[in-house]
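Subject: Structure for your review

Hello,

Please find the structure below. My notes on it come after.

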Amino acid sequence: KTKTPTKMNRAAVGLVSGSALCLGAAANHFDAFSQETKVANPIASIRLAAQNQGAVSVPVPQAKEWDARYSHPIPHTNEYYAKCMLGGSMSCGLTHAIITPLDVTKCNMQVNPAKYPGLFAGIRTIMAEEGAAALLKGWAPTLLGYSAQGLFKFGLYEFFKDYYSTLAGEENAYEYRGFIYLAGSASAEFFADIALCPMEMVKVKVQTSPPGTFPTGLGAAVAKMSEMRAETRFPFGSVVPLWSRQIPYTMAKFYFFEKVVEAFYTHVFTQPKESYGKGTQLGVTFASGYLAGIICAIVSHPADTMVSLLGKAENKGKSIGTIAGEFGYSNLIIKGLGPRILMIGTLTGLQWWIYDTFKSVMGMGTTGGAPKKVEKK
């Protein structure tokens, strides 16, 4: 006969089952703790031993997958990403505002190369016709627009770099890190340009309009752009040319920066990065940023010229192809390239220096270094 379970038997079964569930939940909690702290999980060990002895039948959880966020000396938490966004905002906003005179001259060289044939000649012409203050036209939309852009450019780059590395897995993230840099920077810049576009359109219109034909104050210029939105396509009419200019630029900026930093710490400064002082590390940052900026300037110059040409009144309603054909494809590549190389090289070096200085002050270390080779499993 089959014996009917007594109340005591049922209680014993319930106690064992409940203990097993509690043990499993506690082990899962310690698994998450162990992943971040590298401390061994004692409860998982107890549970495994109990299972081997046939005491409790509880499935052993699989080890968590590698997470790029916790592979760095300092974990990349949401707080870390937020600090990177703040550092990026300061980096881009301040540097672009500082070089406004160069930017004003470059934009005028792009839209009217006959009148402004070179950097110094262009500066002299602007000062003679409009006064020295004209070299600062558009500084306010520049500061606001590029602060917003830097917020997303640097902060989201750090996020997407970790995100794509985790998707790829530890071995692939090391082996194909160059593609991770490119994908992460392109993804970040997509969103950064949406944030930049309204103020970039205002800046270009202010800087390239003939004297007296368009307001130069920030509030008045924004109001005028909104009033003329059918003509100006404000606020996002230039986002596609911006993507064409900025995404290749940013991909080159971050890819070559990371690679040059790797080269410095692999072939020049061969001791562990942490053994060098902050001054040396920030010097490597600036040099790497400047070299990367020269490449960026060449890659993004044709699209940058197109953005400036779209701001000219005579190009209203014309397609990008028509404007390019009329201006000349060789001019798109060459006109204003010298000042742009000077401007972007200096700009990119300063941006990385400010960004890494901010990170160092916040205790986050500088960006990049010699890659740590991952042993294949």
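This is a predicted model: local features need pLDDT of at least 70, side-chain atom pairs count only at pLDDT 80 or more; totals for chains, interfaces and linings use all residues.

Residues are numbered from 1 along each chain as its sequence is written, and side-chain values use heavy atoms, with hydrogens and water left out.

Salt bridges. With a side-chain nitrogen of Lys or Arg within 4 Å of a carboxyl oxygen of Asp or Glu as the rule, the count is 15. One of them pairs K153 with E189 at 2.9 Å, N to O. This pair links distant parts of the chain, with K153 in helix α6 (residues 139–168) and E189 in helix α8 (residues 177–208), 36 residues apart. Helices here are DSSP runs of H or I, at least four residues, numbered from the N terminus. Both K153 and E189 are buried, meaning under 20% relative accessible area (1.4 Å probe, protein chains only; exposed is over 50%, partly exposed in between).

E130 and K137 also form a salt bridge, at 3.0 Å, N to O. K137 counts as buried at 10% relative accessibility, while E130 is partly exposed at 26%.

Loop between α10 and α11. R233 lies here and has a positive phi, near 60°. R233 is partly exposed, with a relative accessible area of 39%. The peptide bond from F234 to P235 is cis, with omega near 10°. Most residues other than glycine have a negative phi, and most peptide bonds are trans.

The α3 and α15 crossing has 11 nonpolar, 6 polar and 2 charged residues in contact, where contact means heavy atoms within 4.5 Å. Ala, Val, Leu, Ile, Met, Phe, Trp, Tyr, Cys and Pro count as nonpolar, Asp, Glu, Lys and Arg as charged, and the others, Gly among them, as polar.

Regards

Definitions and conventions. Helices (H or I, at least four residues) and strands (E, at least two) are DSSP runs, numbered from the N terminus.
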